[in-house]
Each structure stands twice: as structure tokens, then as C-alpha cells.
Amino acid sequence: MEQQKLVIIGNGMATSRLLDELLSRGASSYQITVFGEEPGGAYNRIQLSPLLAGETDRKSIQLKTAAWYKNHAIRLHSGDAVVQIDRAQRRVISQNGRVCDYDQLILATGSRPARIAAANQALAGIYDFRTEQDVEQIITQGACSREALVVGGGLLGLEAAHALAKKGLKVTLIHRGDWLMNRQLDACAGELLRAELAARGIRFVLGDEISHFEGETVLQAAVLKSGTRLNAQLAVIATGITPNCTLARAAGLDCDRGLQVDDLLRSSDATISALGECIEHRGRTFGLVAPIWEQARLLADRLVRGLATPYRDAPVPTKLKVSGINLFSAGEYLDAPELDSLTFSDPHSGVYRKLLLRNNRLVGAVLYGDAQDGHWYFELIQRQDDLSDLKPALMFGRPECSDDNPSLPATLAIQEIAV
Amino acid sequence: MKNNTESSTLTTCPYCGVGCGVEARISDNRLIAVSGDASHPANKGRLCVKGSALHETTGHQGRLLYPQIQGQRVSWDSALDKVVDTFARLIDQHGPDSVAFYLSGQILTEDYYVANKLMKGFIGSANVDTNSRLCMSSAVAGQKRAFGSDTVPACYDDLDEADLVVLVGSNAAWAHPILYQRLVRAKQARPDIQVVVLDPRRTATCDLADRHLALKPGSDAFLFNGLLSYLAQANALDEAYIAQHCEGFDAALEQAQRQCPDLITTAAHCGLDPADVQWLFERFACTERSLTFYSQGINQSSSGTDKANAIINCHLATGRVGKPGASPFSITGQPNAMGGREVGGLANQLAAHMEFGNPTHLETVADFWQAPRMAQAPGLKAVDLFQAIERGDVKAVWIIGTNPAVSLPDSAQVRRALQRCELVVVSDCIEQTDTTALADVLLPATTWAEKNGTVTNSERRISRQRGFLKAPGEARHDWQILCDFATRLGFGDAFAYQHPADIFDEHARLSGYRNQGSRDFDISALAELSRSQYDALAPIQWPVTEASPEGTARMFADGHYFTPSGRARLLPIAARMPANPCRDGDFVLNTGRSRDQWHTMTRTARSPRLLDHCDEPYIEISERDAQQQRIHSGDLVSLSALDAEYIGRARVSPNQQPGSLFAPIHWNDRYASHGAVDALVAAVTDPVSGQPELKQSPVRMLGLRPRWQGMLLSLDAIETPASDYWSRVTLEQGERYALAGFSDRPDWSDWVKSWLPASTDLIELLDSRANHYRAAAFRDGRLLWVFIASCEGELPPPAWLSTQLGRSLTTKERMQLLSGRPSEGAPDQGAIICSCFQVGEKRIRQAMKEGANSVESLGKALNCGTNCGSCIPELRALIAHA
């Protein structure tokens with residue numbers, strides 16, 4: 001039987017996982033070609049923060065070497081971005097002029113750093129924090145800088161700030177929100193986080209943003225909307241990501257915030273599927289790996305085995321470690337009039353917990369400092385058991401509650417979760 | 001050089017009227033251990049749980065150390081001058097009856113003697129009464145009416161000798177555990193001994209009983225009238241004894257027959273099954289060795305004296321008085337109620353069992369004392385005394401070693417009286433009691449282990465209470481304080497005692513003075529003991545005379561009594577039900593002791609293990625009443641009467657009769673917000689003895705629905721928690737409080753911070769609905785307090801949390817703390833059943849699961865019940881209901 005041509009655009013973590021899933025199903029019916037914008041094989045983007053902090057090296061974060069692709073008869077065109085999809089001809093054309101036919105096309109183009117509105121962003125010394133190359137540049141510039149700015153108080157920004165502070169730079173983090181990680185944490189947890197990182201030498205400006213950067217060709221300072229002027233030789237922009245669907249849009253595929261896919265992860269063109277951070281599924285985009293792993297699994301099932309299992313969006317908890325501080329957030333995280341909350345706070349030890357319930361069912365959990373019971377809460381959010389009898393024992397985690405209510409889950413399939 | 005070697009002293013227990021010998025081990029002026037004195041005839045080496053914990057209660061925490069006037073520390077001189085000036089002025093202006101002493105069955109005979117002599121012989125008033133009035137004055141009056149003297153005919157050996165033991169109004173298993181255990185062993189040795197308990201409640205004592213007759217509260221005299229009538233009918237009378245040694249029999253029988261002509265009528269009066277009544281009467285009729293063992297259930301009644309005489313009538317009619325195993329046997333509640341009686345510590349007595357009504361006696365005492373101003377008539381009895389104080393007739397009162405603001409009936413009245421009284425002097429060893437709070441002058445007194453003297457137990461046995469610890473602060477012995485006071489009043493010559501032995505000697509000489517067998521109390525053979533002989537005095541039962549130098553086990557075996565005719569009197573008893581009838585919707589409130597507490601808890605509450613057994617004021621409610629009122633065990637329940645309120649936890653119990661309630665007497669303002677049960681008791685007294693009716697009071701009951709309930713554990717004592725309801729328990733370290741609120745939930749976080757010890761290191765659990773709140777505070781990383789409150793659901797058990805106070809906790813442990821439960825390791829063992837070995841219900845149930853199916857096997861497995869044995873009835877109940 002003649003092999004079908006499967007072309008994958010993008011060589012990030014989603015593609016890496018998809019390849020594993022395809023191969024594990026014996027994808028001999030496909031001849032696979034992968035185009036990657038970045039040079040080299042896929043690497044673990046999550047590890048860029050430790051890489052910046054010098055806690056790991058490039059070799060350690062490599063997911064797949066060039067030899068691996070070769071050994072598995074996968075054609076890899078790295079450092080060569082696809083610039084056009086010719087849907088009529090079912091072929092793609094790359095920056096380097098490669099033309100490659102496909103029977104099935106997969107878009108895994110990932111995301112781009114979100115832009116900020118500040119003027120004068122072209123100055124030398126201002127970087128995104130998205131790729132290995134970004135990290136290299138930041139390290140190089142950091143070595144000859146005294147003062148650094150980090151823009152964005154989400155996970156990535158905090159890790160960048162932590163890494164730079166660790167290198168001895170005087171770091172100021174500027175965040176538009178009123179508290180750090182305001183998409184995952186409530187104000188109280190955000191403040192605990194700020195206080196803890198401030199104690200480690202990072203300065204914070206909250207509720208403000210950069211109006212413009214100053215400098216001739218090289219960054220010298222940033223001026224905030226509040227008028228504050230901050231000297232800096234290095235700035236890292238880490239204000240989040242947006243799905244990268246430039247290519248898809250140009251090809252006439254339906255796009256909104258991301259490339260729109262159906263439950264079988266198909267775009268508006270049935271021969272073109274997509275997964276990962278570039279897609280929008282039922283209005284939702286993705287930034288955490290767990291749902292993307294699930295997408296890779298279902299896509300491989302369909303392509304190799306012909307199974308048409310619909311993808312179902314499931315809530316995903318954020319469990320992470322920011323600079324050694326354990327955090328967990330799942331479901332809702334802000335108080336609301338229709339929600340009941342239970343909170344535990346131990347400011348002296350830096351521990352905080354908030355559980356949110358609607359009609360006595362758990363709908364959200366924010367854990368700061370001790371995230372041990374996070375998975376259990378996550379499961380409770382999914383199960384939607386009536387927990388009236390467990391207030392307030394619920395706060396103290398599974399062991400406290402299982403005595404009272406043996407029907408509650410005692411174990412949980414742990415998902416690998418990260419940003 | 002400090003002497004650190006251990007020594008030991010034999011002394012006598014300060015708790016109940018059994019008067020057990022205690023061997024105290026001392027090191028470095030500290031009592032380090034106690035054990036039963038094997039040589040003491042009262043207990044032969046055994047101790048109950050309260051006695052076994054004596055060494056846990058002698059710490060100086062909470063002691064009154066210095067004299068105070070209006071709360072300010074002053075010198076002894078200033079304090080006594082103030083007392084002397086006021087007393088002298090009042091006596092001068094208003095006469096001797098404007099002052100009074102109110103004493104305690106806890107002080108020693110020598111203290112009592114001095115107080116009584118001073119008031120009755122030198123100040124010239126008989127206003128000296130004692131809390132013994134609350135305890136056994138009806139028994140005294142009954143004995144005096146029947147025998148012509150306040151004589152207990154029996155002795156403890158009779159418990160071994162009797163073939164039928166009728167316990168009436170006595171929960172000996174809890175109130176007199178050592179006697180109860182003695183009876184248990186007697187019955188083990190001779191299983192055919194019949195034990196009958198007459199009590200409205202099914203108490204722990206019933207565990208031993210062949211039959212429990214749950215008679216209608218207060219109907220005891222009907223039953224004994226019925227018995228007398230039955231004895232006559234069944235030809236079971238000792239006609240010869242009646243003819244030779246008694247008087248008044250016909251009238252007594254006639255009255256008994258009028259009220260209780262037959263079994264059916266008697267049973268109806270008492271709310272009993274006629275078959276049970278018949279069984280008891282038949283037993284009594286045919287058992288020569290019948291012992292009737294009675295206590296507060298008889299005495300604390302508006303007709304207590306009649307009840308005592310109804311009992312004694314039956315014994316006289318069968319000639320069963322003072323014979324081995326055959327006697328009426330009144331058991332006192334306090335360690336030295338008997339000693340107090342011997343020296344005339346009651347307002348209606350003189351001294352050495354002499355009487356005001358007897359001119360010879362008056363003259364005898366006056367002559368012996370060379371009294372300048374001998375009181376000529378009885379003084380005010382306890383309840384009357386505090387009413388006279390409120391009226392302003394008595395203007396100065398000196399309270400020694402007792403807590404009348406808690407223990408007297410209508411305590412609101414007592415408090416009003418003390419507030420109005422011109423001068424309230426309180427000598428006590430404890431600084432903060434409900435009574436010291438109302439005092440003008442506080443005088444620090446020594447206490448057990450420091451005091452030195454004698455006490456007399458329920459079988460007339462005089463034992464030495466020896467001092468072996470140095471008094472703390474400026475505390476002095478009560479007799480010394482009184483002698484100093486007497487000297488300042490100008491009576492120095494008559495109060496120049498240098499040592500308790502001097503007082504005892506005078507007391508012994510007075511007992512023999514112009515006696516020649518005319519009075520029961522005679523210890524003349526103990527006069528003129530040297531100090532070392534006094535120190536070494538072995539326990540001995542009075543009378544101790546030349547004729548019986550080794551003492552006297554039983555009295556009246558010869559049929560000779562101390563009445564003018566020498567015959568015992570039977571009294572016609574018109575049995576009466578309690579004075580305050582219940583209106584519709586009222587319940588009859590019975591009060592009494594709980595197992596491991598003593599009186600108003602000033603001593604026992606210092607031992608955490610004594611509080612383990614029951615740690616909150618409670619109310620026993622019958623299953624029917626609980627169901628009707630929709631009350632469940634553990635609910636807070638309010639009892640009200642006389643504008644006063646008592647709040648306790650419901651204990652729904654099959655042991656309680658419908659319509660009847662029981663509440664413990666121990667709690668008070670120091671330990672609970674609404675714990676003083678005697679505030680509900682009307683000041684109705686027996687017309688003869690003046691003893692108040694503490695056992696049957698009409699009350700209203702209301703199941704409470706607290707808005708929230710909580711628990712607080714704190715290293716520092718909180719004097720008055722801010723919640724509507726609270727009760728307090730002392731822990732090994734710190735205090736534990738149960739709390740509840742009946743109005744709206746407070747704004748938790750602010751509220752708690754407004755009255756709990758401040759801390760900058762606080763952890764909190766908040767609920768947006770405010771249904772739950774938990775918080776803990778730390779000082780230098782150590783747990784200072786933890787507070788848990790809930791508007792719904794249960795609170796965690798306190799046992800584990802109690803162990804956390806003062807500990808340094810890890811981050812994980814701090815959060816765990818607010819869960820109220822340990823994360824792993826030692827499991828919570830449940831409510832403590834065996835106080836001695838700290839064995840909890842859960843452990844016992846576990847051991848039962850593992851095969852232990854008897855008290856013995858549980859004892860082998862866990863040690864529970866093998867020391868004092870007080871918990872054996874509860875162990876049995878656990879086994880029975882397993």
C-alpha cells in the first residue's frame with residue numbers, strides 16, 4: 001500500500017508528543033515530514049526558565065535529536081518555516097523554497113509572545129522569553145547589565161525575574177494587574193507571592209505598564225504610564241501568549257483567536273488538522289500541556305487507527321512551582337457573590353488556601369505554599385460531589401475527609417501538568 | 001544544705017467522709033506521690049480516683065498567698081486589725097448576734113474547736129454554722145431524736161458482716177468509692193449478701209445491687225413507714241427489744257400504719273411495683289443482719305430528719321442497732337463533718353456533743369471554758385444565717401474554707417447577702433472562688449498537706465491529718481488565725497495554744513468533763529497526750545475512755561441510749577413529699593456528685609485526669625422526656641428556677657426516671673458561665689435540722705439551640721470568655737473551654753482578637769458564610785491558643801488538641817492543628833473511662849473486639865479498673881452493651 005503523506009508544521013512540544021503517539025501506534029502508513037521554524041529538534045519549552053537561571057543546560061532540555069528523526073524515517077526541516085499552504089494543490093511551501101505535498105496536514109504552530117503597547121520596542125536589549133534563542137540573548141545581555149525590567153507578572157515573567165535576580169541583576173517586575181498571577185491566584189495568594197519574592201530582592205510595580213522605552217539604539221530606561229522612570233539595560237517581555245495562526249489565516253482557514261477546530265481537531269478544511277497552542281476549540285485556547293497531550297493522543301488515534309473520538313475539553317489545574325514556591329490553582333479562583341469560600345491563612349509560614357464552592361460543590365481551589373492536596377481538590381471539582389458535610393474539614397485535605405466520607409476518592413491518576 | 005531525700009508521712013485524705021489513710025511521699029517540699037495507707041482501717045491501702053490524684057492538686061497555682069483588703073495586699077496585722085475593729089464595734093453596738101462564723105466540714109477538729117469556743121463562749125453568740133449543715137444535719141437531728149445523742153452506731157466492718165445492705169439515697173460508687181468497693185469485695189466473697197439500692201436514679205451503685213427500686217423522688221419515708229407497718233404485720237418485730245430499750249413505738253407504728261397500711265398503698269406512694277416492695281420488706285423482715293446505709297439523698301430534704309427517723313424506727317423495732325452487720329448507718333459527705341459535730345461546730349450544738357437545751361450542759365461548757373459570755377441559745381443555721389445577713393441582722397461574717405456562693409441553695413440570695421454584708425472575711429487557700437470574689441478581707445489559710453490536726457470519719461474514727469509541706473506565701477493555719485484574732489479581741493489567755501496538740505488536749509478533757517457516761521462523746525483517755533504521742537496517734541474510734549482505751553467499734557449494743565430515760569425513741573413520722581411541688585411542665589431536679597469531682601472543684605479541677613471523666617456541667621434526662629422535648633445527648637439544655645439559669649449538656653439516660661433530672665453540684669462561676677446548680681434550689685429547709693432540700697427542686701427545662709458552638713484551648717487562663725455560654729477545664733498545660741453563642745454569630749476574626757491573648761503570629765480558617773471559624777495563635781512559635789467554632793456540624797474531639805498547647809509546630813502541623821485531628825500516629829482514644837490509667841472508651845472497645853469480655857480481662861489488657869475501681873460499673877456497661 002502506498003504511504004500517505006503527513007506533513008506537520010511546527011516542531012514544538014505538541015509535535016514532539018504527536019510523533020511519539022503516532023509511532024507508538026505503528027504509523028507505517030504515513031510518510032511524515034516536519035517543518036520547524038526554530039533550528040534543531042524539539043526541546044522542552046517549560047525548561048527555559050531553569051535554562052535562563054542556569055539550573056539546567058540545552059542538552060538536558062532536548063526532547064528529540066536530529067538522529068532521532070532520522071532513525072524513525074521522519075523528514076525534519078528545521079530552521080525552515082512554512083510560509084504558505086496551498087490547499088488547492090495540497091502542498092506547503094517553505095521559506096527556503098521547499099514544496100511538499102500532503103494528504104494530511106497538521107498545524108502545530110504554537111503561539112507567539114503577546115505584544116505590549118509600549119513605544120520604542122525595537123531598541124537593543126528588549127527580548128521576548130519564548131525560545132532557546134531568546135534565552136541565549138537574555139543571558140548575553142544580562143551579563144553586561146546592572147538593571148533589568150521584566151514585564152508581566154504571570155508565571156513566565158516571575159520565573160524570568162527570579163532567574164535574573166539570581167544572576168545578580170537588580171530586577172523590577174512591572175505588572176498590569178493588581179496582583180501577581182491574577183489569572184490563577186486570588187489577591188491574597190498573589191500578595192503572599194509578591195511578599196515572598198520581594199524578600200528575595202525583586203522589586204514590583206503593580207497596576208502599571210510601560211508607556212515607552214528610552215534609548216538611542218540601546219535600551220537605557222523605561223517610562224511607566226504612572227510617570228515612573230526606571231533605568232534598565234535589559235527588558236524581558238513576558239506578558240503571555242497568543243495563538244500563532246498567521247499561516248492558517250492566510251490559507252483561508254476559519255480563525256478567531258486561534259485556528260478553529262472541531263471535536264476531531266479538524267480545521268474548516270477536513271484534510272488539515274491542528275493541535276496545541278495554535279488552536280481554538282469551542283472558544284478555548286490552550287497553554288498547559290495536559291490538554292495538548294490529550295489532543296496528540298486523539299489525533300494519533302484518528303490518523304493511524306481511524307478512531308473518531310471527540311476531544312472534550314476538561315478543566316485543567318495549574319500546579320506549579322515558582323522559584324521554589326508551590327502553587328496550585330484549579331477551576332474558579334475569584335470570590336463571587338454566588339460562591340462560598342473557605343480560606344486558610346498562615347502568613348507567618350507563607351501558606352494560604354482558598355476553596356470555592358457553589359451549592360456545596362467544589363468549583364475552585366487556590367493553594368499557596370503547600371500544594372499537596374491539589375490533585376484531590378481537582379478531582380473533587382470534576383466529581384461535583386455534595387460536600388456540605390465536609391466543611392470545613394475539606395480544607396485540610398484528603399486524609400481528614402476520607403475518615404468521614406470513605407466514598408471520596410483516595411487516589412488519583414496524577415496528570416503531568418505544567419505551563 | 002537542701003535535703004533532697006524522699007520521705008513519707010501517713011495522713012488522712014481530705015475528700016469524703018470515708019476518711020481514708022494516705023501515705024504521702026515527699027521530696028524537696030513537694031508531694032510527689034500518694035498511695036493508700038495499708039495500716040489504716042478505713043481503706044486498708046486502697047484509694048479512690050480523687051485520692052489517687054492528690055499529688056496533682058497541691059501545686060501553688062491559684063493559691064491565696066497574702067492577706068488582702070478589698071483586693072489589695074496588706075500585712076497580717078492590718079488585715080486582722082480591720083477584722084477585729086469591725087467585729088468589736090458591731091458586737092459593741094449591735095450585740096454578739098450581729099456577727100457570725102460560717103465554717104466547713106473540711107477544716108480540722110482543732111480549727112473547729114477554736115472557732116466554736118471563741119464564738120459561743122467568748123463573743124457570746126451561737127452564730128457559728130458550717131457547710132456540714134448542707135450535708136448531714138438531718139442525720140444528726142435524726143440520731144439525736146432517736147438516740148438522745150448524735151451517735152453513729154455502726155462501723156465499716158458492718159459492710160462485711162451484713163447479710164442485707166439497703167443503700168438509700170446514696171451513690172456510694174461515686175461518692176464513697178472505697179466503702180462501695182469494700183461492699184463489692186464482701187459480695188464477691190459471699191455472693192448471697194443481698195444489696196438493694198433505693199434511688200430515683202439508676203446510679204453506678206446499682207451495678208452491685210440485686211435489686212434497684214427506683215422510687216419516686218423524695219418518697220423514702222413512705223417506704224420506711226410501709227416497712228415498719230409490714231414488720232408489725234409479719235410479726236417480724238423484736239418485741240423484747242422494744243419493750244426493754246425503746247419508747248414511742250406505738251405512736252410510731254400507728255402513724256406508719258395510717259399512711260402505709262399495706263404494700264399496695266406503700267408502693268403507690270413510692271411509685272414502685274408492689275412486688276419489688278414486698279421482696280424488699282420480706283428480706284428486711286427475715287434478715288437479722290440488715291444494714292441501712294444512707295446519705296445525702298435522705299438528708300438533703302425538707303423532711304430529712306423524719307426520713308432518718310423513719311429508717312431508724314425500723315431498726316429499733318427489730319432491735320438492729322449497733323450489732324454486727326445490723327444497724328442504721330449514716331455516711332457523711334465531708335472528711336471532718338463528724339469532727340465538727342464533736343466540737344459543736346453547728347449553731348444548735350454546744351461542744352463535745354452537749355446541747356443548748358440542757359442547762360447542765362450549758363453550765364458544764366461555760367465552767368470548763370471559764371467563758372465570760374456564754375451563748376445561751378442556738379444560733380442561726382446556714383440558710384437562716386445568710387437570710388439574716390441579707391436582712392442586715394448579721395453584719396459581719398467570717399467564712400472559713402468553704403464556698404457558700406456556690407454550695408448553698410438560692411445562691412443568688414447568698415450572693416446578694418454577701419454583697420450587702422458590712423464585712424465579709426474569707427479565710428481560704430484558693431484566691432479566686434465565687435465567694436472570695438465577694439469578700440472584703442481575704443486571709444490566706446493553709447490547706448491539706450500543710451495543716452496539722454485530726455479529723456473524724458463516718459465510723460467515729462479519729463485520724464491524724466499531718467502537715468508535711470511548708471505553707472506558701474504568708475498562709476497560716478486556721479486555728480492560728482482564730483487565736484490571733486481572739487487575742488486581739490482580748491481573750492488571749494483562753495486562746496494561748498501553741499500547737500494543735502494543746503487544742504486537742506483541751507477538747508479531749510472537755511469530752512470527759514463531768515461526763516461519767518452521761519454523754520456519748522468521750523475521748524478523755526486521749527487527754528494529756530504528749531506532742532509526740534499526739535503526732536503518733538493511730539486511727540481510733542470514739543468513745544475512747546478508761547474503760548475502752550482502744551476505742552469503740554459499735555455503739556448501743558447494750559441497748560442503753562443517751563435519752564433521759566435511757567431508752568431509744570421511735571418517732572411517729574408523717575411522711576411528706578418534697579416541699580416545692582412541681583407545677584405542670586416542671587421537672588424535679590436532683591443534684592449530687594459526679595465521680596471524679598469534689599464539691600466546688602477548687603481542688604479537683606486542678607487535676608486534668610479528674611476532669612477527663614466529665615468535663616462540662618451536664619443534665620441527666622430520661623429517654624422519654626428527651627424525646628418529648630426533642631433533646632439529644634450533647635445538646636445544651638437550660639434549667640431555670642428562681643430567676644436563675646443553669647446550662648449543661650444533655651445526657652439522655654435510661655437510668656433517669658421520666659420527670660426527673662439530675663445535675664452535678666460542682667460547677668460554679670469559676671468553671672462555667674451557668675454552672676452553679678444550687679442557684680435553682682429554693683432555700684427550703686428541714687424544720688428540725690435546717691438542712692436545705694437540695695435533691696428535689698422544681699425546674700423548667702428548655703433545650704437550647706445555640707447559634708454556634710466552639711472550643712478554646714489556651715495556655716493562659718481566660719477569666720471570663722466573651723461567649724454567652726462557656727465552661728472550663730484545666731489541662732496538664734493550659735485550659736480548655738467549651739463555648740456557645742445564642743445570639744448572632746460574631747464577626748469571628750475581630751471578635752476573637754478582642755478577648756483572646758494578643759499575638760502577631762495567627763493562623764485562621766474563615767468561611768465566607770461565617771458558619772465556621774478556626775484560629776490559632778503562636779508566641780515564639782509555640783501554640784498559645786486555638787479556637788474552633790461552628791454553626792453546624794460537630795467539633796473535633798479535644799483530646800489531641802489538648803496535647804498541642806505550648807508545642808512548637810512545623811508549617812504542616814500548624815495547618816493540621818486547625819483540622820483538630822492528628823494526621824497520623826496515636827489514635828484518639830475517646831472519652832476517658834478509667835481516670836487512673838487514662839484509658840479511653842475507644843481503646844476499651846478495641847480491646848473488647850480483641851476478645852476481652854470481662855472487667856478482669858479488660859484490666860489485664862489495659863489496666864483499666866484495676867486501681868480505684870470507680871470505673872468498673874462503666875466498664876461493665878460497655879461490656880453489657882457490646
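This is a predicted model: local features need pLDDT of at least 70, side-chain atom pairs count only at pLDDT 80 or more; totals for chains, interfaces and linings use all residues.
Residues are numbered from 1 along each chain as its sequence is written, and chains are lettered from A and ligands numbered from 1 in the order in which they are written.

**Chain B overall**

- Chain B holds 30 helices and 34 strands; helices (H or I, at least four residues) and strands (E, at least two) are DSSP runs numbered from the N terminus.
- Along the principal axes, the C-alpha atoms of chain B fill a box of roughly 80 × 65 × 55 Å.
- Some 61% of the 882 residues in chain B count as buried, where buried means 20 or more other C-beta atoms within 10 Å of the residue's own, exposed means 12 or fewer, partly exposed is in between, and C-beta atoms are placed from the backbone.
- Take the contacts in chain B with a separation of 6 or more: 71% of them are between residues 24 or more positions apart. Two residues are in contact if their C-beta atoms, placed from the backbone, lie within 7 Å.
- Chain B is assigned domain 1 (7-56), domain 2 (68-134 + 336-499), domain 3 (137-330), domain 4 (587-703), domain 5 (708-819) and domain 6 (832-880); such bounds come from an automatic or database domain assignment.
- The centres of domain 2 and domain 5 of chain B, taken over C-alpha atoms, are 43 Å apart.

- Seven strands of chain B make an open sheet with mixed pairing, in the order E5-E4-E16-E15-E14-E6-E7. Two strands pair if DSSP finds at least two bridges between them.
- At the edges sit strand E5 (72-73) and strand E7 (128-130) of chain B, each pairing on one side only.
- Inside that order, strand E15 (423-428) and strand E16 (441-444) of chain B run parallel and are joined by four bridges, with B:Ser427 opposite B:Leu443 in E16(B).
- Helix H3 (109-123) of chain B packs on the sheet and touches strand E6 (99-103), E7 and strand E14 (396-400), its direction making about 160 degrees with that of E6(B). Axes here are lines fitted to C-alpha atoms, for helices over the stretch in contact, and angles run from 0 to 180 degrees between N-to-C directions.
- Helix H17 (382-391) of chain B also lies across E6, E7 and E14, at about 140 degrees to E6(B).
- In helix H30 (872-880) of chain B, the residues B:Ile872, B:Pro873, B:Glu874 and B:Leu875 are buried. Their cover includes helix H6 (172-175), strand E33 (832-834), helix H28 (841-849) and helix H29 (855-862) of chain B.

**Chain A**

- Chain A has 11 helices and 25 strands. Its radius of gyration is 23 Å, close to the 22 Å from the globule rule for 419 residues, so chain A is as compact as a globular protein of that length.
- The C-alpha trace of chain A spans about 65 × 65 × 35 Å along its principal axes, and buried residues make up 47% of its 419 residues.
- Chain A splits into domain 1 (4-112 + 241-305), domain 2 (126-237) and domain 3 (318-402), with 35 Å between the C-alpha centres of domains 1 and 3.
- Five strands of chain A form an open, parallel sheet in the order E3-E2-E1-E7-E19. Strand E3 (75-78) and strand E19 (272-274) each have a single partner strand, so one side of each is left without a neighbour in the sheet.
- Strand E7 (104-107) of chain A pairs with E19(A) over three parallel bridges, and A:Leu107 has A:Ala274 as its bridge partner.

**Where the chains meet**

- At the interface, 18 residues of chain B are in contact with 17 residues of chain A.
- Strand E30 (761-767), strand E31 (772-779) and helix H27 (811-819) of chain B each supply at least two residues of the side that touches chain A.
- That side of chain B has five nonpolar, six polar and seven charged residues. Here Ala, Val, Leu, Ile, Met, Phe, Trp, Tyr, Cys and Pro count as nonpolar, Asp, Glu, Lys and Arg as charged, and the others, Gly among them, as polar.
- Strand E23 (340-346) of chain A pairs with E30(B) in the antiparallel sense over four bridges, and A:Ser345 stands opposite B:Glu764.

Technical notes
The radius of gyration is taken over C-alpha atoms; the globule rule is 2.2 Å times the number of residues to the power 0.38.
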